[in-house]
Amino acid sequence: TLSDRLSGIFTKLRGKGRLTDADVDATAREIRLALLEADVALPVVKAFIHAVKTRARGAEVSQALNPAQQIIKIVHDELVGVLGGEARRLQFAKHPPTVIMLAGLQGAGKTTFAGKLAGLLKGQGHQPLLVACDLQRPNAVNQLQVVGERVGVEVYAPQPGSGVGDPVQVARDSVAHATRAARDIVIVDTAGRLGIDGEMMAQAAAIRDAVEPDETLFVIDAMVGQDAVATAEAFRDGVGITGVVLSKLDGDARGGAALSVRHVTGQPIMYASTGEKLTDVDVFHPERMASRILGMGDMLTLIEQAEQAFDADQKEKMAAKLLGGEQFTLEDFLDQLTAVRRMGPIANVLGMLPGMNQMKDQLAELDDSHFDRITAIIRSMTPAERTTPKIINGSRRVRIANGSGVTVMEVNQLLNRFGQAQKMMKQMGGMMGLPGSRRKAT
Ligand code: GDP
Ligand code: MG
């Protein structure tokens, strides 16, 4: 998958001290392959790679990040850009009702999403009306009625036996009904075919002309790969699209569809449909999708917070020191603790690291009062003790415990943990660590 490939690339970069042009080229090649494998359309891939290369070569380098982190950040930022930056809200009509039409292939998730959207809008205090314009399949009207009942929203459908079999007529009538019944939003569910089909497209266009929608949302199954491009193009040209809904994001979608659809339609992805339950829906967050494609968990959030929390000077000093082969001291430990604490509750911070999620329970024990005590203990030490913990003998331990108001056992614990931390600092090397070399100031 795309995530796996990208992770592989980043692992290779992890040990590097700095980012060379050759690294950038090699990484770009891998990303290109990864995107093509994930069925992202070629023009999208090209534009993407170009943007990443340009930025990676530029002087836009953060001192708080090592090369792997820098690349992750650049790729992530560009992904967010391609996915549409900020999420867009629905455009409401000046004079209600606002008409929202759903279009897409059969099985894309239109009817399900119609119910989800109605539920969302109802929760926001709107009075939506669901309209059944899929009169193709006998069961389609019933399906919408079941969905409407579950979210407690009225469904407008032709009376059985009324002889009204024309979806365009139903659509037109529904808007008049909404006005009478004081519904401020009309959600029009339409029919789809299994493939792109002229007749279906003509019907969708006719419904569009009858109701003049304020939004025409194109619903697409996130699991489709290369097909996403052709389908999106057909609906873009045949019906016109103002926004995109990605459905079935709860599956193991590779993300290719998301990238291509946004590029092909030029329209924002507005909602993510993430399950069969009618509450499984969310406003689309490009940030989250980008993180998902990257497969980095919340690593990115952590990177961002690290950038903010560690001021550059401190990082530089620390890096120079460690590179110079100097000992990691209790004084440094205290600095780092303080920096980490600025990032938020410790359990959250550590929980964001890949693989750390499983340790949530243990992490929860590391509460903030614990850190306050550690801080107090280190503050009760003399400078000599902080730099050379070896000299802290029994009587010094008692003095430190008394000075910081903790037990000797806690002092012992801290010194043991510090010993382990020192070892870990050596092993960890790159990833969470420090920039390997001085970069031009930005
Ligand atoms: P339509 O033909 O476009 O109206 O598609 P439907 O709304 O009838 O959905 C087709 C199938 O996909 C149904 O079995 C839905 O339960 C399922 N489905 C729709 N949206 C989602 C989703 O977000 N996640 C999952 N897992 N299934 C979905
Ligand atoms: Mg349907």
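Around ligand 1 stand 17 residues, of which Gly109, Lys110, Thr111, Thr112 and Ser273 are the closest; a residue counts as near the ligand if its C-beta atom, placed from the backbone, lies within 6 Å of it. The model is predicted, with local features requiring pLDDT of at least 70 and side-chain atom pairs pLDDT 80 or more, while totals for chains, interfaces and linings use all residues. Residues are numbered from 1 along each chain as its sequence is written, and chains are lettered from A and ligands numbered from 1 in the order in which they are written.

Helix α5 (residues 110–123) gives three residues, the largest share of the shell around ligand 1, helices being DSSP runs of H or I with at least four residues and strands runs of E with at least two, numbered from the N terminus. The classes in this shell are tabulated below.

| Class | Residues around ligand 1 |
|---|---|
| Nonpolar (Ala, Val, Leu, Ile, Met, Phe, Trp, Tyr, Cys, Pro) | one residue |
| Polar (the others, Gly among them) | eleven residues |

Of the 442 residues in the protein, 39% are buried, that is, have 20 or more other C-beta atoms within 10 Å of their own.

Notes:
A residue is buried if 20 or more other C-beta atoms lie within 10 Å of its own, exposed if 12 or fewer, and partly exposed in between; C-beta atoms are placed from the backbone.
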